[in-house]
Amino acid sequence: MKISFAASPPAGDFALVIPSAGTQRPGVAALGPDSAAVEAALKRNRFDGDAGSAVEHFLTGEQPRRLLVVGTGGGSTPAEAAEKLGGAAVARLLLSGESHAVIDLTGLGYDADASARVALAAALRSFRYDRYKTRLKDKQKPTLKHITVVGGADGAKKAWESRYAAVYEGVLLTRELVTEPANIIYPQSFVERVLASIDGSGLEVEVLDRAAMAKLGMGALLGVAQGSVREPRLLVLRWNGGAKGTPPVAFLGKGVTFDTGGISIKPAANMEAMKWDMGGAGAVAGAMKALALRKARANVIGVCGLVENMPDGNAQRPGDVVTTMSGQTAEVINTDAEGRLVLCDVMTWTQKVAKPKVMIDLATLTGAMVVSLGHEYGGLFANDDELAEKLIAAGTKSTDRLWRMPLGEAYDRLIDSHIADMKNVGPREGGSITAAQFLQRFVDDGVKWAHLDIAGMAWSDKAKPTYDKGATGFGVRVLDEYVAANCEG
Ligand code: BES
Ligand code: MN
Ligand code: ZN
């Protein structure tokens with residue numbers, strides 16, 4: 001999607017989008033002779049101006065064109081309303097036959113950030129993945145190619161160019177990785193797809209293969225990988241945009257490119273959803289791309305643990321004891337609780353090699369998280385209140401919303417094992433919390449750590465303002481905002 005900014009509408013043909021904040025719609029009054037007919041159309045459609053509502057009308061006057069009045073009122077913050085506006089406009093116009101839409105913000109009083117976020121939401125909402133649709137009729141193909149935001153605050157263009165255009169590109173990468181099926185995206189092809197996408201961005205890349213990880217003693221990650229013919233990978237992306245010697249903030253991602261459950265195999269119904277069990281790693285790759293493209297003034301390391309979890313003659317068994325890179329041992333009670341086994345070794349490696357002061361992991365870790373929070377918030381676990389608050393604030397601002405969950409000694413005792421240092425599952429109750437407790441056992445002293453369980457957020461069965469049904473790209477925006485608000489001095 002091409003995005004431009006202008007002070008006033010350009011010449012030529014386009015669909016005009018006019019926001020209506022409740023009943024306030026100066027853009028309609030400005031239509032002159034057409035405005036009475038538009039008001040009548042709004043009335044007949046019972047248009048209330050609530051955020052996301054929209055009415056289409058054709059102007060037949062001197063300049064015939066499609067008009068879309070979009071509501072931005074009702075309870076949302078200006079930034080949220082801005083995103084709903086951009087998203088709703090594109091949802092309506094993407095397949096409409098129009099190729100250019102002009103969104104006129106005149107009189108709305110949006111600041112630069114909100115004005116740019118109209119464009120961001122519009123661009124994000126246009127994402128589709130039609131690579132495997134070989135029989136689309138012309139009418140089913142998007143026509144909208146260009147959005148011009150008009151009448152926004154000074155600085156909107158700069159906010160887009162210096163920040164949100166990069167965030168958009170990062171989210172697109174995440175969505176592509178998450179959308180692709182597991183016969184296409186497996187550990188090595190995940191690496192290749194990311195490398196092709198970040199080529200020229202200035203990110204430093206390191207890739208570890210099975211032999212390298214074996215040498216380092218990553219017995220937990222490799223135990224998960226051993227049932228698959230797909231070779232595991234550890235993908236490391238470094239962005240050194242900050243002061244030399246400043247320890248990096250670390251982003252870690254669960255990248256299970258397909259999760260069958262292993263020998264503790266999952267039921268057949270909906271198992272295809274487990275192609276997106278690499279959503280944490282996908283978000284880390286997307287966030288790293290965004291930070292590099294916008295040349296963030298921060299040192300950041302992104303580490304993706306990439307494996308496929310399969311049942312096989314060589315797969316690990318329930319009851320197996322694995323030795324993690326940290327030296328701690330874990331009894332694998334359930335081979336379907338594999339994400340924590342992958343992440344624990346990624347955590348140890350990252351702390352040893354990069355010595356971060358802050359470490360944030362993202363993972364589609366537990367079904368229990370979806371039971372707790374549904375599809376509105378990602379679960380946040382943290383060993384530090386200040387880090388938790390910063391992430392919640394970044395989540396709210398970015399619309400990748402987070403809700404804090406508890407950690408504690410009593411939960412931790414639930415994963416003690418009879419034979420090893422810990423077992424990889426606790427009781428059914430509090431399943432997201434015991435998963436987080438497992439991870440916390442791998443956090444070094446002095447490291448501020450947060451774990452984002454994004455199981456309910458990586459994929460959506462419903463369209464929302466900034467995405468259609470499918471991959472959401474959740475995680476990229478909150479990480480970018482966290483860096484922007486806290487790490488760039
Ligand atoms: N990848 C799943 C979690 C998941 C489930 C993500 C549904 C998204 C939607 C994870 O590896 C898993 O299988 N977790 C188990 C843990 C259990 C065996 C303790 C779960 O949640 O059932
Ligand atoms: Mn699993
Ligand atoms: Zn999983």
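In the predicted model, the zinc ion (ligand 3) is coordinated by Lys-254 through NZ, by Asp-259 and Asp-277 through OD, and by Glu-338 through OE, at 2.0 to 2.4 Å. Donors are N, O and S atoms within 2.8 Å of the metal (3.2 Å for Na, K and Ca), and sites may look incomplete because water is not among the atoms. Local features need pLDDT of at least 70 and side-chain atom pairs count only at pLDDT 80 or more, whereas totals for chains, interfaces and linings use all residues. Side-chain values use heavy atoms, with hydrogens and water left out; residues are numbered from 1 along each chain as its sequence is written, and ligands are numbered from 1 in the order in which they are written.

The arrangement around the zinc ion (ligand 3) is octahedral because its six donor atoms subtend angles of 78 to 172 degrees.

The manganese ion (ligand 2) is coordinated at 2.0 to 2.2 Å by Asp-259 (OD), by Asp-336 through both O and OD, and by Glu-338 (OE). The site of the manganese ion (ligand 2) is irregular, with angles of 71 to 167 degrees among its six donor atoms. Its donors are spaced D-x76-D-x1-E along the chain.

The zinc ion (ligand 3) and the manganese ion (ligand 2) lie 3.1 Å apart, and Asp-259 coordinates both. Distant parts of the chain are linked by the pair: Asp-259 belongs to strand S9 (residues 249–259), while Glu-338, 79 residues apart from it, lies in the loop between strand S12 (329–331) and helix H10 (339–354). Helices (H or I, at least four residues) and strands (E, at least two) are DSSP runs, numbered from the N terminus. Asp-259 counts as buried because its relative accessibility is 2%, and Glu-338 is buried with a relative accessible area of 1%. Buried means under 20% relative accessible area, computed with a 1.4 Å probe and protein chains only.

Ligand 1 has polar contacts, defined as pairs of N or O atoms within 3.5 Å. A polar side-chain atom of Asp-259 lies 2.9 Å from an oxygen atom of ligand 1, and one of Asp-277 lies 2.8 Å from a nitrogen atom of ligand 1. The protein covers 76% of the 510 Å² of accessible area that ligand 1 has on its own, as given by the Shrake-Rupley method with a 1.4 Å probe.

Conventions: Four donors count as tetrahedral if all angles lie between 85 and 135 degrees; four count as square planar and six as octahedral if opposite donors are over 155 degrees apart and all others between 65 and 115; anything else is irregular. Buried means under 20% relative accessible area, exposed over 50%, partly exposed in between (1.4 Å probe, protein chains only). A polar contact is a pair of N or O atoms within 3.5 Å; within protein, one must be able to donate a hydrogen and the other to accept it, and residues adjacent in sequence count only if both atoms are side-chain atoms.
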